[in-house]
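Student: Please examine the salt bridges of this structure closely, and then the pocket to which one of the paired residues leads.

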Amino acid sequence: MQRSVYHSREIQAWEQRWFAQQNSSLGLMQQAAWTIVQQLLPQFEQKKIKKIAVWCGQGNNAGDGYFIAGYLKQAGLQVTVLTTERGPSSDLHQAYLFAQSQHISFTVIETLITESELQQLEYFECHIDALFGIGLNRELNQAWQKIIHLFNAQAGLKIAVDIPSGLQANTGQALPCAIQADHTFTLLGYKAGLFTGQGKEFVGQLHLLSPIPRDEKLHPIALLSAKNITLPQRQAFGHKGSYGHVLVVGGHADMGGAVIMAAEAAFHAGAGKVSVICHAKHHQAILSRAPNIMVRDINALDKEGIQQLLSHIDAVCFGMGLGRDEWAAQIFQQWFELLNQNAHLEVVLDADGLWFLAKDQQKLNDHIYATPHSGEAATLLGCTATEIEQDRITAIHRLRETFAGQWVLKGAGSLILEDELYICTQGNAGMGTGGMGDVLAGMVASLKAQFHEDITLHEIVSLHAQAGDLLAQQGMRGLQAHAMGEAIYQVVNGKQ
């Protein structure tokens with residue numbers, strides 16, 4: 001079952017509908033805190049943690065923190081509340097009084113900072129973040145940034161309640177810094193910022209606690225992409241013509257590596273046949289590395305020849321290493337219209353193909369899969385990569401609205417927009433290396449050539465991420481895209 005992801009507004013509206021049914025907001029705080037404590041106690045026992053600091057801010061998240069502190073004290077642990085204000089607001093008064101009734105020590109965090117009494121913090125074996133909740137939408141001022149940095153500087157286990165403080169719940173952007181948690185106990189529902197953008201850097205191990213039932217008005221903004229993907233078994237009487245013919249088109253005279261990586265990925269993902277159409281100077285290198293790849297000279301094909309070739313092809317990945325000069329512009333014009341019109345094809349548009357699409361501003365048909373990273377998305381939308389990363393979900397919807405087609409916005413927590421929006425939760429920082437996008441393009445073309453509508457775009461992105469995770473088991477630093485072949489072979493055969 002695919003897991004739903006929500007916008008913070010949806011979560012807050014859900015809470016308000018729950019309260020409108022005469023359910024208590026205080027009761028929800030108590031229930032959430034009690035559930036978190038029951039999850040924490042076995043960890044504390046295993047790690048022999050007895051001294052805990054609960055950092056409380058000024059909103060409802062602080063109320064959760066006060067109750068967590070009180071319940072931990074009732075469980076026999078040594079608890080101190082570090083608060084950012086000397087007295088609680090009226091909305092949190094009962095939660096504050098409960099914590100106070102447990103004879104918990106209260107310390108004002110600002111005092112620690114201004115008087116440099118930081119040695120006191122070395123006393124704690126666990127720090128619990130209840131500073132900010134999911135409503136944070138502003139950049140933190142210098143005082144709050146100091147508090148966040150102070151928290152992160154502490155040793156011991158770090159726990160975030162609902163979302164790491166300083167992380168924007170819907171975009172995954174730090175504002176501009178955030179708590180780096182070992183565990184995050186998110187409440188009610190998953191928030192998009194936990195999975196995309198910078199979110200994975202701060203969340204640690206994620207736990208979902210849903211103390212109230214969903215209602216019919218609750219609508220997700222995305223789904224988490226599937227992890228367990230099983231491809232159909234091959235039939236005993238299959239042959240190379242049964243598993244799709246992939247065409248890789250690109251390869252400027254000065255850039256031959258991209259088409260090789262895409263073509264090899266297509267073969268490793270199970271394509272029956274793979275052909276590369278590129279500048280003839282790369283043919284010898286391609287054949288010496290992979291003699292099973294067929295090659296054609298891109299300069300020897302006219303429009304009629306291309307159309308005839310495409311009639312025998314199942315999928316095309318177009319644009320890798322194409323270049324951006326006049327020759328590349330001519331090739332783009334020669335191929336793109338035919339690729340966009342031939343609905344029987346599964347077409348992946350990547351790299352320099354996206355650069356020319358930004359210039360032409362043409363609409364894509366549904367059989368086109370565009371796979372930009374944030375820099376390419378910025379070129380397509382006429383903005384900066386920073387702006388794309390500040391709100392990746394809005395960016396991918398803008399790409400779809402502007403160009404139609406189906407989209408992958410690559411990066412940490414890759415987004416996939418087909419019939420619905422999906423977030424890929426797999427993959428790792430080692431995959432941030434040249435050629436990894438070419439490998440993805442080859443995989444998409446290959447698996448779509450084999451299975452067409454029987455495999456989704458988000459499933460292919462997940463398989464690519466799983467291959468990257470498999471390759472990174474020995475370490476992320478120095479991971480190379482051209483080494484992905486064996487890992488792809490394993491994940492498409494269910495051996496990861």
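Tutor: Six salt bridges are found when the whole structure is searched, a salt bridge being a side-chain nitrogen of Lys or Arg within 4 Å of a carboxyl oxygen of Asp or Glu. The model is predicted, so local features need pLDDT of at least 70 and side-chain atom pairs count only at pLDDT 80 or more, whereas totals for chains, interfaces and linings use all residues. Residues are numbered from 1 along each chain as its sequence is written, and side-chain values use heavy atoms, with hydrogens and water left out.

One of the bridges joins Arg-324 to Asp-352, with 3.0 Å from N to O. Arg-324 lies in the loop between strand E14 (315-320) and helix H11 (326-341), and Asp-352 in helix H12 (residues 352-360), so this pair ties together parts that are 28 residues apart in sequence. Helices (H or I, at least four residues) and strands (E, at least two) are DSSP runs, numbered from the N terminus. Arg-324 is partly exposed, at 48% relative accessibility, while Asp-352 is buried, at 9%. Here buried means under 20% relative accessible area, exposed over 50%, and partly exposed in between, with a 1.4 Å probe and protein chains only.

Another bridge is formed by Lys-410 and Asp-350, at 3.3 Å from N to O. Lys-410 sits in the loop between strand E17 (404-409) and strand E18 (415-417), and Asp-350 in the loop between strand E15 (346-349) and H12; the pair thus links distant parts of the chain, 60 residues apart. Lys-410 and Asp-350 are both buried.

Arg-392 and Glu-389 also meet in a salt bridge, at 2.9 Å from N to O. Arg-392 is buried, with a relative accessible area of 1%, and Glu-389 is partly exposed at 22%.

Helix H16 (436-451) is one of the helices that supply at least two lining residues, and H16 gives the largest share, four residues.
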